[in-house]
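Hi,

Here is the structure I promised to pass on. Have a look at it first, and then read my notes below.

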Amino acid sequence: MDNKKEMHREIKEYLRDLIESGKLTENAKMPSEHDLAKKFGVNRNWPRRALRELEVEGYVLRSQGKRSVVAPISARRQAFCIGKVPTLAIALPEYQDLFDRTIADGFMGYAAQHEVHSLIYNIRLDEEDECKFLLKAPEIGIAGLAFWPQHDSPGVAEALAVLRRRHFPVVQVDRYVRDTETDFVVTDNETMMHTLTTRMIDRGHKRIAFISVFEDVSSVRDRVAGFNRALKEHGLPINEKYFSSVYPADIASVRGAVTDIMGYREPPTAILCIHDNLAGNVLKELDRLDYRVPEHVELAAVDDMYHTQTMGFPLLKIRQQGGEMGRVAAEMLLSRLYDPDLPVSQQFLPPVMEGANIHHGNHGSAHLTSAPGYTR
């Protein structure tokens with residue numbers, strides 16, 4: 001590593017030695033960025049980064065517009081630092097799933113390229129434990145957290161707000177919690193489902209069913225909004241009888257929805273599924289009812305798990321950029337770590353569709369190949 005990249009670490013060690021030796025005691029003012037820059041012959045970015053890392057580790061208290069001061073000893077925490085570099089973490093609910101792993105790979109790859117450590121939490125949490133996990137994150141020694149929200153609730157929103165007030169870097173991935181001013185990177189889910197619905201309409205379908213899931217999270221809400229918007233733009237009615245929510249793993253739930261939808265006097269000629277796991281079970285139920293895909297009914301789905309490749313029938317598919325989502329999350333964390341006063345960044349990544357151009361949506365355009373996100 002060149003000397004320039006080492007400068008913030010040298011400054012950090014100098015300041016930490018002042019604190020641990022007792023030369024700077026609790027509540028004492030830290031040297032200013034200007035004074036440190038002059039002492040070490042560097043620009044102010046390097047002492048700012050050193051002070052920021054000391055804040056994350058609990059050595060320094062920082063408030064906007066005021067000089068940083070030495071924190072109480074009780075505030076210090078043992079950081080996951082090997083070789084004196086920070087550690088970023090990502091928390092995902094289903095690491096064994098391909099999409100989650102793709103996000104994690106993008107996150108850890110970016111961290112490695114920028115010479116910081118990374119770790120993965122593979123956890124499923126109820127709402128209460130999710131709030132506790134978030135509030136404990138600064139105490140476990142990580143420098144920042146990329147977090148897949150599992151509950152969209154006032155409690156989780158407040159926990160995220162607390163972390164923001166404490167200047168602890170956190171980025172929401174895949175979903176965003178309502179009423180939060182927190183960094184996030186997600187897929188533009190509204191454009192994604194708008195695109196899929198528009199493609200079905202372009203193929204001549206006027207009776208299109210949508211099978212969703214019982215989950216009140218941003219990705220589901222935005223996909224439903226995209227479906228409804230496409231119908232409205234093309235002058236088609238939003239027919240509640242063609243819309244159903246199910247528990248994907250509950251065969252009886254899926255069976256009841258498919259049976260009801262296909263039992264109408266004018267059944268749909270196309271069905272959109274909110275994800276590919278659900279599409280697989282819907283296909284089985286259509287087969288049970290002697291409907292053939294695509295001869296009798298066309299099927300389309302968000303296919304992040306690539307499960308549909310083994311189904312053996314034509315399927316209109318659209319995918320999310322999981323690797324790019326993880327990469328952007330790590331980039332946002334590092335940016336927030338070294339400059340906590342940055343404006344909140346909320347990025348919507350374009351989806352990727354196989355075999356055709358994607359229509360423009362409200363948030364921007366989608367592409368056939370991987371592309372950077374854009375900020376809404």
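Let me start with D290, which sits in the loop between helix 10 and strand 11 (helices are DSSP runs of H or I with at least four residues, strands are runs of E with at least two, and both are numbered from the N terminus). Before going on, the housekeeping: this is a predicted model, where local features need pLDDT of at least 70, side-chain atom pairs count only at pLDDT 80 or more, and totals for chains, interfaces and linings use all residues. Residues are numbered from 1 along each chain as its sequence is written, and side-chain values use heavy atoms, with hydrogens and water left out.

Back to D290: its phi is near 65°, a positive value in a residue other than glycine. D290 is exposed, at a relative accessible area of 55% (exposed is over 50%, buried under 20%, partly exposed in between, with a 1.4 Å probe and protein chains only).

You'll find H167 in the loop between helix 6 (154-165) and strand 6 (170-173). With a relative accessibility of 19%, H167 counts as buried.

Now the helix pair. The axes of helix 9 (residues 251-262) and helix 10 (residues 276-288) come within 9 Å and cross at roughly 55° (axes are lines fitted to C-alpha atoms over the stretch in contact, and angles run from 0 to 180 degrees between N-to-C directions). That angle makes helix 9 oblique to helix 10, oblique being whatever is left after under 35 degrees (roughly parallel), over 145 (roughly antiparallel) and 65 to 115 (roughly perpendicular). Helix 9 contributes I251, V254, R255, V258, T259 and M262 to the contact, and helix 10 contributes L278, N281, V282, E285, L286 and R288 (contact means heavy atoms within 4.5 Å). Sorted by class, this contact has seven nonpolar, two polar and three charged residues (Ala, Val, Leu, Ile, Met, Phe, Trp, Tyr, Cys and Pro are nonpolar, Asp, Glu, Lys and Arg charged, the others, including Gly, polar).

As for the whole protein, there are eleven helices and 15 strands. Of the 376 residues, 55% are buried. Among contacts with a separation of 6 or more, 70% join residues 24 or more positions apart.

Cheers
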